[in-house]
Amino acid sequence: MSVFSARTGLAAALAVAALASGGCTQLRSHQGYVVDTDLVNSVQPGVDNRQSVLQTLGKPTLAGQFDQGDWYYLARDSRNLAFRNPRPNAQITLQISFDQKGTVTAVRRGGLDQVASITPYGKKTPTLGRERGFFQDLFGNIGTVGAAGAGGAGGGSNTGGGGRNRP
């Protein structure tokens, strides 16, 4: 073997090792509002209104549809390895409440404790009613089309158009 082929083999092995170790790198991501604590602390209940909050913090992530329409600013930092699902490691939820006149009444902060962890139950969703198999669903309507009392064309008044007298 020549020195050149040994070097290329070593270089190829190092390139493969670098690519393989890159797949195990922890990925970080940020979603939502970028929080500036000085700006958030400057919003004071009883002093600020909707317009001043909008100028200070910007447009909210979402606004409540009920009551006085609270504003919510959400931010989440998460991490994951390669192809795995991201897991939150920090979250900030800022809720700003307003009264009827639009004046700030409360500023509430929440954190990672508000993240709900939901684990699906098995591979199917439990439902009310009877359990039907694949073939019962597939062939269950045979013979019911046009049967008396089934709501098809064979039963009830024969006015056409689903019981309507006019088009």
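The structure is a predicted model, in which local features need pLDDT of at least 70, side-chain atom pairs count only at pLDDT 80 or more, and totals for chains, interfaces and linings use all residues. Residues are numbered from 1 along each chain as its sequence is written, and side-chain values use heavy atoms, with hydrogens and water left out.

**Overall architecture**

- The chain contains four helices and five strands, taken as DSSP runs numbered from the N terminus (helices: H or I, at least four residues; strands: E, at least two).
- Their order along the sequence is α-β-α-α-β-β-β-β-α.
- Of contacts between residues at least 6 apart in sequence, 45% join residues at least 24 apart, where contact means heavy atoms within 4.5 Å.

**Burial and surface**

- Buried residues account for 16% of the 167 residues in the chain; buried means under 20% relative accessible area, exposed over 50%, and partly exposed in between (1.4 Å probe, protein chains only).
- The chain exposes about 13400 Å², of which carbon and sulfur atoms supply 56%; accessible areas come from the Shrake-Rupley method with a 1.4 Å probe, and for residues only the protein chains shown count as cover.
- V34 is located in the loop between β1 (26–32) and α2 (37–42) and is exposed, at 64% relative accessibility.
- The C-alpha atoms of V34 and R76 are separated by 9.2 Å, although these residues are 42 apart along the chain.

- The whole structure holds four aromatic pairs; rings of Phe, Tyr and Trp (its six-membered ring) pair if their centres lie within 6.5 Å, and planes under 30 degrees apart count as stacked, over 60 as edge-to-face and the rest as tilted.
- The F135 and F139 rings are stacked because their centres lie 6.4 Å apart and their planes are at 5°.
- F135 and F139 are four residues apart in helix α4 (residues 134–139), so about one helical turn separates them.
- F135 is exposed at 58% relative accessible area, whereas F139 is partly exposed at 46%.
- F134, F135, L138, F139 and I142 make up a nonpolar surface patch with about 620 Å² of accessible area together.
- Patches consist of residues with over 30% relative accessible area and no salt bridge, with like charges joined within 9 Å and nonpolar side chains (Val, Leu, Ile, Met, Phe, Trp, Tyr) within 5 Å; a salt bridge is a side-chain nitrogen of Lys or Arg within 4 Å of a carboxyl oxygen of Asp or Glu.

**Charge over a ring**

- R50 sits over the face of F98, at 4.3 Å from the ring centre; the criterion is NZ of Lys or CZ of Arg within 6 Å of the ring centre and within 35 degrees of the ring normal.
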